[in-house]
Amino acid sequence: EKTWVRMVTAQTPTNIAVIKYWGKRDETLILPVNDSISVTLDPAHLCTTTTVAVSPSFDQDRMWLNGKEISLSGGRYQNCLREIRARACEVEDKEKGIKIAKKDWEKLHLHVASYNNFPTAAGLASSAAGFACLVFALAKLMNAKEDNSELSAIARQGSGSACRSLFGGFVKWIMGKAEDGSDSLAVQLVDEKHWDELVIIIAVVSSRQKETSSTTGMRDSVETSLLLQHRAKEVVPKRIKQMEEAIKNRDFGSFAQLSCADSNQFHAVCLDTCPTIFYMNDTSHRIISCVEKWNCSEGMPQVAYTFDAGPNAVLIAHDRNAATQLMQKLLFCFPPSSDADLNSYVIGDKSILK
Ligand code: PMV
(Lines give C-alpha, C1' and ligand atoms only; values in the text may rest on other atoms or scores of the structure.)
Protein backbone atom coordinates (compact mmCIF):
# COMPACT_ATOMS: atom_id res chain seq x y z
CA GLU A 1 0.00 0.00 0.00
CA LYS A 2 1.22 3.49 -0.90
CA THR A 3 2.14 5.48 2.18
CA TRP A 4 1.23 9.13 2.68
CA VAL A 5 1.63 12.02 5.13
CA ARG A 6 -0.95 14.68 5.88
CA MET A 7 0.37 17.87 7.50
CA VAL A 8 -1.04 21.08 8.92
CA THR A 9 0.94 24.08 10.20
CA ALA A 10 -0.49 26.71 12.53
CA GLN A 11 0.87 29.79 14.24
CA THR A 12 -0.40 31.08 17.57
CA PRO A 13 0.68 34.18 19.49
CA THR A 14 1.11 34.22 23.21
CA ASN A 15 -1.17 36.21 25.51
CA ILE A 16 -0.49 38.33 28.56
CA ALA A 17 -3.01 38.47 31.39
CA VAL A 18 -4.05 41.90 32.67
CA ILE A 19 -6.32 40.27 35.28
CA LYS A 20 -4.33 37.24 36.39
CA TYR A 21 -5.19 33.59 36.65
CA TRP A 22 -3.50 32.21 39.76
CA GLY A 23 -4.84 29.12 41.54
CA LYS A 24 -6.70 26.01 40.45
CA ARG A 25 -9.80 24.51 42.02
CA ASP A 26 -9.22 21.29 40.02
CA GLU A 27 -5.64 20.41 39.11
CA THR A 28 -6.36 17.66 36.58
CA LEU A 29 -9.01 19.46 34.57
CA ILE A 30 -7.22 22.81 35.14
CA LEU A 31 -10.17 24.77 36.48
CA PRO A 32 -9.27 28.19 37.91
CA VAL A 33 -10.40 29.90 41.11
CA ASN A 34 -11.25 33.11 39.23
CA ASP A 35 -11.96 34.54 35.78
CA SER A 36 -9.05 36.21 33.97
CA ILE A 37 -8.60 38.66 31.08
CA SER A 38 -5.68 38.86 28.66
CA VAL A 39 -4.44 40.62 25.57
CA THR A 40 -3.15 38.49 22.72
CA LEU A 41 0.10 39.71 21.22
CA ASP A 42 0.70 40.40 17.55
CA PRO A 43 1.14 37.05 15.78
CA ALA A 44 4.29 38.38 14.12
CA HIS A 45 6.12 38.29 17.48
CA LEU A 46 6.26 35.93 20.44
CA CYS A 47 4.47 33.08 18.80
CA THR A 48 4.62 29.34 18.45
CA THR A 49 4.62 27.64 15.07
CA THR A 50 3.51 24.03 15.13
CA THR A 51 3.35 21.46 12.37
CA VAL A 52 1.34 18.32 13.02
CA ALA A 53 1.56 15.29 10.75
CA VAL A 54 -0.23 11.99 10.48
CA SER A 55 0.88 8.97 8.48
CA PRO A 56 0.22 5.22 8.54
CA SER A 57 4.01 4.82 8.61
CA PHE A 58 4.32 6.48 12.06
CA ASP A 59 4.46 3.85 14.79
CA GLN A 60 4.05 6.15 17.82
CA ASP A 61 3.10 9.71 18.78
CA ARG A 62 6.22 11.88 18.93
CA MET A 63 6.95 15.55 19.51
CA TRP A 64 9.91 17.89 19.01
CA LEU A 65 10.12 21.30 20.75
CA ASN A 66 12.63 23.72 19.24
CA GLY A 67 14.23 20.77 17.44
CA LYS A 68 14.65 18.57 20.52
CA GLU A 69 12.49 15.54 21.09
CA ILE A 70 10.32 15.77 24.20
CA SER A 71 8.11 13.20 25.87
CA LEU A 72 4.37 13.20 25.18
CA SER A 73 3.68 10.87 28.10
CA GLY A 74 2.72 13.68 30.53
CA GLY A 75 -0.92 13.87 31.56
CA ARG A 76 -1.46 17.28 30.00
CA TYR A 77 -0.38 16.22 26.52
CA GLN A 78 -2.31 12.97 26.87
CA ASN A 79 -5.48 14.83 27.90
CA CYS A 80 -5.25 17.20 24.93
CA LEU A 81 -4.54 14.37 22.47
CA ARG A 82 -7.38 12.23 23.84
CA GLU A 83 -9.90 15.09 23.75
CA ILE A 84 -9.03 16.15 20.23
CA ARG A 85 -8.95 12.56 18.88
CA ALA A 86 -12.46 12.10 20.30
CA ARG A 87 -13.61 14.95 18.05
CA ALA A 88 -11.81 13.86 14.88
CA CYS A 89 -13.93 13.57 11.74
CA GLU A 90 -13.53 11.98 8.33
CA VAL A 91 -10.90 13.59 6.11
CA GLU A 92 -10.74 13.25 2.36
CA ASP A 93 -7.97 14.74 0.21
CA LYS A 94 -8.73 13.61 -3.34
CA GLU A 95 -5.61 15.24 -4.83
CA LYS A 96 -3.31 13.18 -2.62
CA GLY A 97 -5.60 10.17 -2.62
CA ILE A 98 -5.95 10.26 1.18
CA LYS A 99 -9.09 9.11 2.93
CA ILE A 100 -9.14 8.84 6.73
CA ALA A 101 -12.32 7.49 8.28
CA LYS A 102 -13.44 8.77 11.69
CA LYS A 103 -12.52 5.48 13.40
CA ASP A 104 -9.02 5.42 11.79
CA TRP A 105 -7.88 8.32 14.00
CA GLU A 106 -7.77 6.02 17.04
CA LYS A 107 -5.03 3.91 15.42
CA LEU A 108 -3.07 6.55 13.49
CA HIS A 109 -0.03 8.13 15.15
CA LEU A 110 1.01 11.77 15.10
CA HIS A 111 4.27 13.67 14.79
CA VAL A 112 4.41 17.21 16.17
CA ALA A 113 7.15 19.81 15.59
CA SER A 114 6.85 23.04 17.53
CA TYR A 115 9.03 26.19 17.63
CA ASN A 116 8.89 29.17 19.97
CA ASN A 117 10.48 32.39 18.77
CA PHE A 118 10.98 33.53 22.39
CA PRO A 119 12.47 32.14 25.61
CA THR A 120 10.69 29.05 26.89
CA ALA A 121 9.45 29.16 30.52
CA ALA A 122 10.85 32.59 31.35
CA GLY A 123 7.54 34.12 32.32
CA LEU A 124 6.68 34.90 28.73
CA ALA A 125 3.81 32.41 28.70
CA SER A 126 5.36 30.01 26.22
CA SER A 127 3.07 27.19 27.28
CA ALA A 128 0.08 29.40 26.45
CA ALA A 129 1.00 29.75 22.80
CA GLY A 130 2.27 26.15 22.67
CA PHE A 131 -0.84 24.28 23.77
CA ALA A 132 -3.21 26.64 21.93
CA CYS A 133 -1.25 26.05 18.74
CA LEU A 134 -1.08 22.28 19.25
CA VAL A 135 -4.83 21.95 19.81
CA PHE A 136 -5.70 24.29 16.94
CA ALA A 137 -3.37 22.52 14.47
CA LEU A 138 -4.65 19.07 15.50
CA ALA A 139 -8.27 20.23 15.15
CA LYS A 140 -7.53 21.30 11.56
CA LEU A 141 -5.58 18.12 10.80
CA MET A 142 -8.45 15.99 12.09
CA ASN A 143 -11.21 18.13 10.59
CA ALA A 144 -12.81 18.69 14.01
CA LYS A 145 -15.90 20.89 13.79
CA GLU A 146 -15.60 22.63 17.20
CA ASP A 147 -15.40 26.44 17.32
CA ASN A 148 -12.51 28.26 18.99
CA SER A 149 -14.25 28.52 22.39
CA GLU A 150 -14.85 24.77 22.40
CA LEU A 151 -11.22 24.21 21.38
CA SER A 152 -10.13 26.60 24.15
CA ALA A 153 -11.61 24.20 26.73
CA ILE A 154 -9.28 21.50 25.35
CA ALA A 155 -6.21 23.77 25.23
CA ARG A 156 -7.01 24.70 28.85
CA GLN A 157 -6.23 21.10 29.85
CA GLY A 158 -2.70 21.55 28.48
CA SER A 159 -2.02 24.85 30.22
CA GLY A 160 -4.66 27.10 31.74
CA SER A 161 -3.51 30.30 30.10
CA ALA A 162 -3.44 28.53 26.70
CA CYS A 163 -7.22 28.73 26.42
CA ARG A 164 -6.93 32.51 25.99
CA SER A 165 -4.57 32.25 22.98
CA LEU A 166 -7.23 30.90 20.60
CA PHE A 167 -8.49 34.42 20.00
CA GLY A 168 -6.88 37.75 19.13
CA GLY A 169 -7.65 41.05 20.83
CA PHE A 170 -8.82 40.99 24.45
CA VAL A 171 -9.99 37.63 25.77
CA LYS A 172 -11.78 36.49 28.91
CA TRP A 173 -11.38 33.03 30.42
CA ILE A 174 -14.65 32.30 32.17
CA MET A 175 -13.92 30.09 35.17
CA GLY A 176 -17.21 28.19 34.79
CA LYS A 177 -19.23 26.23 37.33
CA ALA A 178 -19.53 22.71 35.89
CA GLU A 179 -17.58 19.97 37.65
CA ASP A 180 -16.49 18.44 34.34
CA GLY A 181 -15.02 21.78 33.20
CA SER A 182 -17.21 21.99 30.10
CA ASP A 183 -18.08 25.67 30.75
CA SER A 184 -14.54 26.79 31.67
CA LEU A 185 -13.55 28.36 28.37
CA ALA A 186 -12.36 31.50 26.62
CA VAL A 187 -14.45 34.10 24.82
CA GLN A 188 -13.28 37.08 22.80
CA LEU A 189 -14.22 40.42 24.40
CA VAL A 190 -13.10 42.63 21.49
CA ASP A 191 -10.97 41.85 18.45
CA GLU A 192 -7.47 43.17 17.72
CA LYS A 193 -8.78 46.19 15.78
CA HIS A 194 -10.81 47.58 18.69
CA TRP A 195 -7.84 49.15 20.53
CA ASP A 196 -5.04 49.03 18.02
CA GLU A 197 -3.13 52.12 19.15
CA LEU A 198 -1.84 50.26 22.23
CA VAL A 199 1.85 49.32 21.96
CA ILE A 200 3.22 46.43 23.96
CA ILE A 201 6.87 46.41 24.96
CA ILE A 202 8.47 43.51 26.74
CA ALA A 203 11.56 44.37 28.73
CA VAL A 204 13.46 41.10 28.91
CA VAL A 205 15.07 41.16 32.34
CA SER A 206 16.16 37.56 32.21
CA SER A 207 15.58 34.74 29.76
CA ARG A 208 16.56 32.13 32.34
CA GLN A 209 13.98 29.49 33.19
CA LYS A 210 11.87 30.41 36.21
CA GLU A 211 12.62 28.69 39.50
CA THR A 212 9.09 27.91 40.66
CA SER A 213 6.79 26.46 38.00
CA SER A 214 3.32 27.96 37.87
CA THR A 215 1.89 24.53 38.78
CA THR A 216 3.86 24.27 42.03
CA GLY A 217 3.42 27.96 42.80
CA MET A 218 -0.35 27.86 42.34
CA ARG A 219 -0.70 24.72 44.44
CA ASP A 220 1.27 26.28 47.30
CA SER A 221 -0.71 29.55 47.04
CA VAL A 222 -4.07 27.74 47.09
CA GLU A 223 -2.98 25.74 50.14
CA THR A 224 -1.36 28.52 52.16
CA SER A 225 -2.33 32.05 51.05
CA LEU A 226 -5.30 33.74 52.72
CA LEU A 227 -4.76 36.68 50.38
CA LEU A 228 -5.44 34.36 47.43
CA GLN A 229 -8.82 33.41 48.87
CA HIS A 230 -9.75 37.04 49.46
CA ARG A 231 -8.55 37.93 45.96
CA ALA A 232 -10.54 35.18 44.22
CA LYS A 233 -13.77 35.83 46.14
CA GLU A 234 -13.83 39.56 46.72
CA VAL A 235 -11.39 41.33 44.43
CA VAL A 236 -11.28 39.68 41.01
CA PRO A 237 -15.05 39.48 40.31
CA LYS A 238 -15.31 43.28 40.67
CA ARG A 239 -12.10 43.91 38.73
CA ILE A 240 -13.24 41.72 35.85
CA LYS A 241 -16.35 43.89 35.40
CA GLN A 242 -14.32 47.11 35.65
CA MET A 243 -11.71 45.82 33.22
CA GLU A 244 -14.34 44.78 30.67
CA GLU A 245 -15.80 48.27 30.91
CA ALA A 246 -12.36 49.93 30.53
CA ILE A 247 -11.57 47.82 27.46
CA LYS A 248 -14.96 48.46 25.87
CA ASN A 249 -14.53 52.24 26.35
CA ARG A 250 -10.79 52.28 25.58
CA ASP A 251 -10.40 54.01 28.93
CA PHE A 252 -6.61 53.84 29.33
CA GLY A 253 -6.54 55.43 32.80
CA SER A 254 -8.75 52.71 34.30
CA PHE A 255 -7.10 50.01 32.20
CA ALA A 256 -3.63 50.93 33.48
CA GLN A 257 -4.74 51.31 37.10
CA LEU A 258 -6.47 47.89 37.08
CA SER A 259 -3.64 46.08 35.24
CA CYS A 260 -0.91 47.38 37.56
CA ALA A 261 -2.98 46.74 40.71
CA ASP A 262 -3.77 43.21 39.59
CA SER A 263 -0.16 42.37 38.73
CA ASN A 264 0.92 43.71 42.12
CA GLN A 265 -1.74 41.69 43.93
CA PHE A 266 -0.70 38.52 42.12
CA HIS A 267 2.92 39.07 43.26
CA ALA A 268 1.66 39.89 46.75
CA VAL A 269 -0.10 36.50 46.76
CA CYS A 270 3.25 34.95 45.81
CA LEU A 271 4.88 36.66 48.80
CA ASP A 272 1.98 35.49 50.97
CA THR A 273 2.60 31.88 49.91
CA CYS A 274 4.53 29.34 51.95
CA PRO A 275 7.23 28.72 50.87
CA THR A 276 7.44 32.28 49.55
CA ILE A 277 7.70 32.75 45.80
CA PHE A 278 9.72 35.59 44.26
CA TYR A 279 9.15 36.05 40.54
CA MET A 280 10.18 39.70 40.27
CA ASN A 281 13.73 40.83 40.99
CA ASP A 282 15.39 44.20 41.71
CA THR A 283 15.37 45.14 38.04
CA SER A 284 11.62 44.42 37.86
CA HIS A 285 11.06 46.66 40.89
CA ARG A 286 13.13 49.45 39.34
CA ILE A 287 11.05 49.26 36.16
CA ILE A 288 7.86 49.61 38.24
CA SER A 289 9.26 52.71 39.99
CA CYS A 290 10.37 54.23 36.71
CA VAL A 291 6.90 53.74 35.13
CA GLU A 292 5.00 54.90 38.23
CA LYS A 293 7.10 58.06 38.58
CA TRP A 294 6.48 58.94 34.97
CA ASN A 295 2.74 58.19 35.15
CA CYS A 296 2.45 60.40 38.27
CA SER A 297 4.37 63.28 36.71
CA GLU A 298 2.12 63.23 33.63
CA GLY A 299 -1.02 63.29 35.77
CA MET A 300 -2.47 60.61 33.45
CA PRO A 301 -1.13 57.06 33.10
CA GLN A 302 0.89 56.68 29.91
CA VAL A 303 1.98 53.10 30.46
CA ALA A 304 0.62 50.03 32.29
CA TYR A 305 2.92 47.31 33.57
CA THR A 306 2.25 43.68 34.29
CA PHE A 307 4.53 40.79 35.33
CA ASP A 308 3.79 37.07 35.04
CA ALA A 309 5.65 34.20 36.67
CA GLY A 310 9.07 35.72 35.97
CA PRO A 311 11.00 38.99 36.19
CA ASN A 312 10.27 40.28 32.66
CA ALA A 313 8.14 43.41 32.39
CA VAL A 314 5.26 43.63 29.97
CA LEU A 315 4.64 47.32 29.38
CA ILE A 316 1.51 48.48 27.60
CA ALA A 317 1.78 52.01 26.26
CA HIS A 318 -1.19 54.21 25.44
CA ASP A 319 0.12 54.85 21.91
CA ARG A 320 3.30 55.02 19.76
CA ASN A 321 4.29 58.37 21.21
CA ALA A 322 4.07 57.08 24.79
CA ALA A 323 5.98 53.95 23.74
CA THR A 324 8.81 56.04 22.29
CA GLN A 325 9.03 58.14 25.44
CA LEU A 326 8.96 54.98 27.56
CA MET A 327 11.87 53.52 25.60
CA GLN A 328 13.84 56.72 26.20
CA LYS A 329 13.12 56.55 29.92
CA LEU A 330 14.08 52.88 30.12
CA LEU A 331 17.29 53.46 28.19
CA PHE A 332 18.05 56.31 30.58
CA CYS A 333 17.38 54.16 33.68
CA PHE A 334 19.14 51.13 32.18
CA PRO A 335 21.85 52.48 29.88
CA PRO A 336 23.22 49.83 27.49
CA SER A 337 26.65 50.12 29.06
CA SER A 338 25.47 49.52 32.63
CA ASP A 339 25.58 46.10 34.19
CA ALA A 340 21.88 46.18 35.10
CA ASP A 341 20.33 42.89 34.26
CA LEU A 342 18.17 44.14 31.40
CA ASN A 343 19.01 42.30 28.20
CA SER A 344 16.72 43.47 25.48
CA TYR A 345 13.48 45.12 24.60
CA VAL A 346 10.98 43.72 22.20
CA ILE A 347 8.88 46.54 20.88
CA GLY A 348 6.17 46.10 18.30
CA ASP A 349 8.11 45.35 15.16
CA LYS A 350 11.52 46.18 16.57
CA SER A 351 13.87 44.40 18.89
CA ILE A 352 16.55 46.49 20.54
CA LEU A 353 19.34 44.36 21.86
CA LYS A 354 21.99 45.42 24.28
O1 PMV B 1 -1.10 28.61 32.33
P2 PMV B 1 0.02 28.59 33.32
O3 PMV B 1 -0.01 27.38 34.17
O4 PMV B 1 1.35 28.81 32.64
O5 PMV B 1 -0.17 29.82 34.33
C6 PMV B 1 -0.05 31.15 33.97
C7 PMV B 1 -0.15 32.06 35.14
C8 PMV B 1 0.17 33.52 34.87
O9 PMV B 1 0.85 33.68 33.65
C10 PMV B 1 1.09 34.02 35.99
C11 PMV B 1 -1.09 34.38 34.88
C12 PMV B 1 -1.96 34.29 33.67
O13 PMV B 1 -3.17 34.53 33.83
O14 PMV B 1 -1.47 34.03 32.56
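This is a guided tour of the structure above, one selection at a time.

The model is predicted: local features require a pLDDT of at least 70, side-chain atom pairs count only at pLDDT 80 or more, and totals for chains, interfaces and linings use all residues. Residue numbers run from 1 along each chain as its sequence is written.

**Domains**

Begin by colouring residues 6–190 as domain 1 and residues 199–353 as domain 2; such bounds come from an automatic or database domain assignment. The C-alpha centres of domain 1 and domain 2 are 26 Å apart.

**An open sheet**

Now display the strands. Helices (H or I, at least four residues) and strands (E, at least two) are DSSP runs numbered from the N terminus, and two strands pair if DSSP finds at least two bridges between them. Five strands form an open sheet with mixed pairing, in the order S1-S6-S11-S7-S8. Strand S1 (6–13) and strand S8 (68–70) each have a single partner strand, so one side of each lacks a neighbour in the sheet. On average, neighbouring strands of this sheet are turned by 20° against each other, direction ignored; the axes are lines fitted to C-alpha atoms, for helices over the stretch in contact, and angles run from 0 to 180 degrees between N-to-C directions.

Zoom in on S1 and strand S6 (residues 47–55), which pair in the antiparallel sense over eight bridges. Here Gln11 stands opposite Thr49 in S6.

**Helix H1**

Which residues of helix H1 (residues 75–85) are buried? Select Cys80, Leu81 and Ile84. A residue is buried if 20 or more other C-beta atoms lie within 10 Å of its own, exposed if 12 or fewer, and partly exposed in between, with C-beta atoms placed from the backbone.

**Backbone details**

Most residues other than glycine have a negative phi, and most peptide bonds are trans. Select Ile30, in the loop between strand S3 (24–26) and strand S4 (31–32). Although not a glycine, Ile30 has a positive phi of about 55°. Ile30 is buried, with 25 other C-beta atoms within 10 Å.

Move to Asn66, in the loop between strand S7 (62–65) and S8. Asn66 has a positive phi of about 50° and is not a glycine. Asn66 has 13 C-beta neighbours inside 10 Å and counts as partly exposed.

Then select Cys274 and Pro275, which are joined by a cis peptide bond with omega of about -5°. Pro275 is in the loop between helix H6 (252–271) and helix H7 (282–298).

**Last stop**

Finish at Gln325 in helix H8 (residues 320–333). Gln325 is partly exposed, with 15 other C-beta atoms within 10 Å. The C-alpha atoms of Gln325 and Asp196 are separated by 18 Å, and these residues are 129 residues apart along the chain.
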